[in-house]
Amino acid sequence: MQHSRELTKENWHEDLITILTGSLKPEVYVELGLYQCELFNKIIPHANKLYGVDINPEAAKWMKKSEKTFFFHGTTDEFAAEIKSQKIKIDLLFIDADHSKESVLKDFWNYFPYVEDHGIILLHDTHPKNLQYTDKGYCGDAFLVIDELKQHQDKFEFMTIPVHPGLTLIRKRNKQVKWMEEQTKPAASEEPIMLENKKYKIVAITQVYNELRKNNLERFWKYLQPVVDGLVVYDDGSTDGSYEYLSDKAIFILKDGENDFKNEINHKKVLLEKALELKPDFILWLDADEVLTANAATEIQNLCRYADENKIDGISFHEINLWRSNSWQRIDNSYNDGWFVRLWRVTPDLKFLTQGAGLHQQQYPHSIKKI
C-alpha cells in the first residue's frame with residue numbers, strides 16, 4: 001500500500017510546521033520518519049542542527065546536504081540511544097515514523113526526557129477523518145495516543161488541530177512561562193543523574209482484583225507507564241471493568257473466572273513465565289494500589305545497573321503507607337517496616353517453585369538468593 005501522503009496530498013501540516021519553526025528558530029530539530037524529506041528540507045533554513053531518522057536508507061537521497069543536517073539510518077529506538085549518549089537536547093521534535101499507537105507512545109516517552117523545557121513535540125495523523133483512514137496504511141491508530149497522554153498533563157500541555165489527518169502540538173512545561181520555570185529550576189546537584197551506557201528492559205507484573213472502582217488503576221498505569229517497557233497482568237476475577245481497562249495497555253492480560261487470592265503465588269508463577277517471553281533484563285513486581293516514588297524512571301535504571309554489575313538477584317523496596325492523604329505517612333503498628341523484593345534480575349534459573357495454595361508465602365522467586 002502506498003504512503004498516505006501520496007494518496008491524499010493533504011500535507012498542510014508541512015507549511016504549518018515550517019511557519020512554526022521560522023518563529024521558534026530551534027537550536028536542534030529532530031524528525032522521526034522522513035519519507036522523501038519534504039518537510040525536513042523546508043526546516044533547514046530555520047534550525048541550527050537537524051537530525052533526520054529513517055529505517056529506509058533511500059530517505060538519505062532526498063535530504064539536502066548541509067553542514068547542519070545529519071541522517072541516521074536505523075530505528076527510532078536506536079537513535080534515542082544515540083541522543084542519550086551524545087547528550088543532545090531537542091527543541092523541536094516531529095514524530096512521524098510508525099503510526100501505530102504503541103510505536104508513537106514508545107517514541108514519545110523515549111524522547112521526552114531529551115526535549116528541552118518548553119520544547120515542542122509534534123505528532124502527525126492524530127485526527128483521521130473517518131474509520132477508513134485508521135488503517136495502518138494511512139493514519140493508523142496513532143489518534144488513540146491522545147487519550148493516553150491526557151493522563152500526564154502535569155508534564156505538558158497539548159492541543160490537536162481537527163483537520164484530517166491531524167496534527168497535535170505538545171509543549172513540555174511545568175510553569176506557564178519559561179522565565180518562571182528557570183527561577184524555580186533545581187540546582188544541578190538536585191536533579192536525578194542517569195548513569196550512562198545500557199538501558200535495561202523492564203517488564204512489570206501485577207495481579208488485579210476490582211481496582212478500577214477503588215480509583216487505583218488509572219493512577220497505577222499513569223505512573224508505571226514511563227518506567228517500564230511492558231506490563232503483564234493477572235486479573236483475578238474482576239467485575240468492575242478492571243480487565244477491560246487494562247486490555248489495551250498490558251502486553252499479556254490473563255483472566256481468572258473468580259477471585260482466588262489464596263493462589264496468588266501460583267498466579268505470580270504464571271505472570272513470571274509470560275513476562276519472560278518478552279525477554280526483559282529485569283522484572284518489576286507491583287500491586288495495582290501502589291505507585292513508585294519520584295524520579296522512578298531514572299532511579300530504577302540505576303538500580304538495575306547496580307544489580308547487574310554486582311550480580312545481585314533482587315532489590316528490596318521500602319513500602320511507605322500513605323494515610324488518608326498524599327503526604328502523611330503511617331508508621332505505627334509496624335506499618336513502616338515493610339521491605340519487599342520488588343525488582344528481580346532475569347537469570348536463566350529465575351522461577352517460582354510449584355506449591356499449594358495459601359497465604360503468607362514467599363512473594364519473590366525461589367531462585368533469588370542475593371538480595
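Start with the open sheet of six strands, whose order is β10-β9-β8-β11-β13-β12, with mixed pairing. Strands here are DSSP runs of E with at least two residues, numbered from the N terminus, and two of them pair if DSSP finds at least two bridges between them. You are looking at a predicted model, in which local features need pLDDT of at least 70, side-chain atom pairs count only at pLDDT 80 or more, and totals for chains, interfaces and linings use all residues. Residues are numbered from 1 along each chain as its sequence is written, and side-chain values use heavy atoms, leaving out hydrogens and water.

Next, select 252-255 and 314-318: these are the edge strands β10 and β12, each pairing on one side only. Across this sheet, neighbouring strands are turned by 25° against each other on average, direction ignored; the angles are taken between N-to-C directions of lines fitted to C-alpha atoms, on a scale from 0 to 180 degrees.

Now select residues 264-276, helix α10, which lies across β8, β9, β10, β11 and β13 and runs at about 150° to β8. A helix is a DSSP run of H or I with at least four residues.

Finally, zoom out to the whole protein, with its 11 helices and 13 strands. Of its 371 residues, 47% count as buried, meaning under 20% relative accessible area with a 1.4 Å probe, protein chains only.

Definitions and conventions:
Contact means heavy atoms within 4.5 Å. Buried means under 20% relative accessible area, exposed over 50%, partly exposed in between (1.4 Å probe, protein chains only).
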